[in-house]
Amino acid sequence: MSDPRPNILYIMSDDHTVNAISCYNGWLKEVVDTPNIDRIANEGMRFDNCICNNALCSPSRASIITGQYSHKNGVLRLNQPLSDDHPNFVRQLQASGYQTGIAGKWHLGSEPDGFDYWEVLPGQGAYFDPSFTRNGEPTQYEGYATDIITDLSLNWLKARDPDKPFLMLCHHKAPHGLWEYAPRHADLFTDGDVPEPSNLYKPFDKVSSALENHHRTMLSQAERMDEGVRGREWPTGRLDTTGMSTQEKIQAAYQKYVKDYLRCITAIDEGVGRLLDYLDEEGLTENTIVVYTSDQGMFLGEHSYFDKRLILEESLLMPYVMRYPKVIAPGSVNEDIVVNVDFGATYLDFAGLQPDAQVQGRSFRALCEGDTPEDWRQSAFYAYWDGPTKHYGVRTQNYTLAVHRTGERDLFDLEKDPWEMTSVYGDPAYADVQAEVEADLARLIEEIDISAEELPQE
Ligand code: CA
């Protein structure tokens with residue numbers, strides 16, 4: 001008797017912003033084309049307020065696996081190990097009869113726990129001819145990482161036991177820096193310039209110095225591209241900035257960066273298409289939950305930044321599209337706030353399981369069914385600990401409040417100022433809003449149980 005519970009195909013890339021997915025209709029929509037990721041949204045649901053609680057690779061991954069915020073699961077910074085003592089939705093699905101697999105980027109300083117099959121890159125891994133560790137043994141393949149990770153996922157699906165439901169995590173390395181694209185995509189975006197964000201050269205109008213002094217600027221990127229990285233040549237070709245003005249350097253670095261980045265995404269989208277085709281061919285589409293997401297967002301020149309880490313929209317928002325024909329109405333859009341700690345609880349819910357009592361996330365199955373509970377959250381807590389830009393804060397439906405380690409604060413009105421150019425913190429016109437958002441942050445700090453000592457600080 002085969003198990004009727006849904007299969008779950010979870011595809012996650014690394015640093016893929018909503019602005020580089022066509023169905024999100026962001027400011028790059030003239031050039032971005034991701035037909036296969038769009039297909040998941042068109043046949044399922046697009047989530048417009050999916051929030052990462054700590055916008056960095058390892059912490060986001062740990063929060064997804066455990067359903068806990070960083071201060072609870074112990075992965076606050078890059079490469080920290082995830083202890084097996086924490087809840088783990090994969091382990092729970094495995095124990096309940098799911099066959100479980102992961103291929104690609106893991107990026108936690110510990111071995112994957114709860115997987116029948118795991119074949120993961122060491123740390124960041126390589127774009128070309130990558131090495132992996134497969135259930136503890138070294139492997140290596142010739143070719144391009146995105147294609148290989150798709151192949152490994154398909155190979156495992158083909159070899160599975162068809163009488164048991166599966167959970168497959170296909171975790172791409174791309175489009176993480178240094179943005180090495182497949183040779184077959186070298187000619188994409190060569191016909192002229194990609195549009196620039198409106199705040200490429202003027203990062204802010206008025207914000208705290210803590211925010212203004214974020215170190216990941218396009219100008220610093222231009223210098224890195226010009227000088228090479230750690231003594232090596234820039235992998236996709238060095239940028240010669242000799243004789244350029246500051247503005248010209250920013251412009252040139254932006255064009256090179258965004259084009260390399262978008263080429264990486266084309267290979268991911270092709271891989272998504274191959275996985276969707278496989279489900280169709282095998283008659284698995286109806287009973288398989290398909291997710292496409294990324295561990296957090298990415299700046300593509302907005303505020304003259306690249307990279308992530310900040311509570312600002314480009315970095316904070318995760319793309320999240322999900323298809324499950326039995327439950328989700330095609331072409332639907334959800335604007336409720338969901339957080340990466342909710343993912344595991346949701347998949348367990350669809351599999352008829354309750355999350356561990358230590359899980360802090362909440363299933364958003366009802367949202368998938370088009371029915372938002374009355375008491376659904378109206379705001380999300382955020383905290384970032386890795387390096388000089390330590391800060392925490394809250395993102396509500398209409399406002400973002402950032403509290404920096406310097407004690408400075410920024411408050412953004414997302415409706416009137418969607419590009420977050422001007423902090424209204426201290427503006428008398430926002431006195432009531434400011435008090436409400438501050439109170440909401442205090443409430444969240446209590447709710448997620450983080451002490452003053454645990455909050456990001458000096
Ligand atoms: Ca990442």
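**Close-ups of a predicted model**

View 1. Pro-175 sits in the loop that runs between β8 and α6 (209–212); helices (H or I, at least four residues) and strands (E, at least two) are DSSP runs, numbered from the N terminus. Residues are numbered from 1 along each chain as its sequence is written, and side-chain values use heavy atoms, with hydrogens and water left out.

**View 2. The calcium site.** Here the calcium ion is held by Asp-14 (OD), Asp-15 (OD), Cys-57 (SG), Asp-295 (OD), Asp-295 (OD), Gln-296 (OE1) and Gln-296 (NE2), at 2.2 to 3.0 Å. Donors are N, O and S atoms within 2.8 Å of the metal (3.2 Å for Na, K and Ca); water is not among the atoms, so sites may look incomplete. Along the sequence, the donor residues follow the spacing D-D-x41-C-x237-D-Q. Asp-14 is buried, at a relative accessible area of 0%, and Asp-15 also counts as buried, at 1% relative accessibility. (Buried means under 20% relative accessible area, exposed over 50%, partly exposed in between, with a 1.4 Å probe and protein chains only.)

**View 3. The largest pocket.** This one has a volume of about 660 Å³. Among the 24 residues lining it, Val-18, Asn-19, Glu-313, Leu-317 and Pro-418 are the closest to its centre. A pocket is an open set of points on a 1 Å grid over the protein atoms alone, with protein on both sides within 12 Å along at least five of seven lines; a cavity is a set where a 1.4 Å probe fits but cannot get out, and lining residues have an atom within 4 Å of a point. Grid points are joined across faces, edges and corners, and a volume is the space filled by probe spheres set on them. Domain 1 (7–181 + 256–378) and domain 2 (381–447) each give at least three residues to the lining of the largest pocket; the bounds come from an automatic or database domain assignment. By class, that lining has 10 nonpolar, six polar and eight charged residues. Ala, Val, Leu, Ile, Met, Phe, Trp, Tyr, Cys and Pro count as nonpolar, Asp, Glu, Lys and Arg as charged, and the others, Gly among them, as polar.

**View 4. The second largest cavity.** About 60 Å³ of space lies inside. Its lining includes Tyr-10, Met-12, Phe-89, Trp-106 and His-171. β1 (7–13), α2 (57–66) and β8 (166–171) are the elements that give two or more residues to this lining, and α2 gives the most, with three. The lining residues divide into eight nonpolar, one polar and one charged.

**View 5. Two residues with positive phi.** Asn-25 has phi near 50°, a positive value in a residue other than glycine, and sits in the loop between β1 and α1 (35–42). Arg-309 has phi near 75°, in the loop between β11 (306–307) and α9. Asn-25 is partly exposed, at 49% relative accessibility, whereas Arg-309 is buried, at 7%.

How values were computed
Predicted model: local features only at pLDDT ≥ 70, side-chain atom pairs only at ≥ 80, totals over all residues.
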